[in-house]
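Biologist: Please take a close look at one part of this model and describe how that part sits among its surroundings. Give the cut-offs behind each term as you go.

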Amino acid sequence: DGNFPFAVLSGKWKISIIAVLCFHHKRRFSDILYEIEGISNKMLSKELKEMELQLLVKRTVLNTQPVSVEYELTEYGRKLQEVILKLADWGEQHRVKMNK
């Protein structure tokens, strides 16, 4: 399927989640929720579960009270970092062009 790469990153939130994890390495669920404006608790949970099944994200349950969960990109998921950085660079150039 020629659309496969886009299917993996489909939806409104996956690229934002990957970007947060690219720039911060490991993040707790609440940190990701705070950093992505507009995403709901339920949607973040759904997206992270999908990304875990796609082998992009690793979920670690921390032995804390209360229990907290940390997420990080897998080695496979980190391969998307270059793509995300290029998208961010293009986005900045586009914003500058539109503000002229």
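Modeller: Ser68 has a relative accessible area of 18%, so Ser68 is buried; buried means under 20% relative accessible area, exposed over 50%, and partly exposed in between, with a 1.4 Å probe and protein chains only. The model is predicted, so local features need pLDDT of at least 70 and side-chain atom pairs count only at pLDDT 80 or more, while totals for chains, interfaces and linings use all residues. Residues are numbered from 1 along each chain as its sequence is written, and side-chain values use heavy atoms, with hydrogens and water left out.

Ser68 belongs to strand β3. Helices (H or I, at least four residues) and strands (E, at least two) are DSSP runs, numbered from the N terminus. Leaving out residues up to four places away in sequence, Ser68 touches Arg28, Thr60, Val61 and Leu62, where contact means heavy atoms within 4.5 Å. Arg28 lies 40 residues from Ser68 in sequence, with a C-alpha to C-alpha distance of 7.0 Å.

The strand that holds Ser68 is also one of the elements against which the buried residues of helix α4 pack: these are α2 (14–24), α3 (29–35), β2 (57–62) and β3 (68–73). Helix α4 covers residues 41–53, and its 13 residues should span 18 Å at 1.5 Å a residue; the end C-alpha atoms are 19 Å apart, which agrees. The expected span is 1.5 Å times one less than the number of residues. Leu44, Glu47, Leu48 and Met51 are the buried residues in α4. Seen down the helix axis, they fall within an arc of 100 degrees, so they line one face of α4; the arc is that of the directions from the helix axis to the C-beta atoms. The face turned away from this buried side carries the exposed residues Lys42, Lys49 and Leu53. Just after α4, Leu55 has a positive phi of about 65 degrees.

Helix α2 is one of the partners of α4, and their axes come within 10 Å and cross at roughly 75 degrees. Axes are lines fitted to C-alpha atoms, for helices over the stretch in contact, and angles run from 0 to 180 degrees between N-to-C directions. Lys14, Ile17 and Ile18 of α2 meet Leu44, Glu47, Leu48, Glu50 and Met51 of α4. This contact has five nonpolar, no polar and three charged residues. Ala, Val, Leu, Ile, Met, Phe, Trp, Tyr, Cys and Pro count as nonpolar, Asp, Glu, Lys and Arg as charged, and the others, Gly among them, as polar.

Helix α2 also meets helix α6 (residues 81–98), with axes that come within 10 Å and cross at roughly 105 degrees. These two helices are therefore roughly perpendicular as well. Ile15, Ile18, Ala19, Cys22 and Phe23 of α2 make this contact with Gln81, Ile84, Leu85 and Leu87 of α6. By class there are eight nonpolar residues, one polar and no charged ones. The buried residues of α2 are Lys14, Ile17, Ile18, Ala19, Val20, Leu21 and Cys22, and His25, just after the helix, takes a positive phi of about 65 degrees.

As for the whole protein, there are six helices and three strands, in the order α-α-β-α-α-β-β-α-α from the N terminus.

Methods: Parallel < 35°, antiparallel > 145°, perpendicular 65-115°, else oblique.
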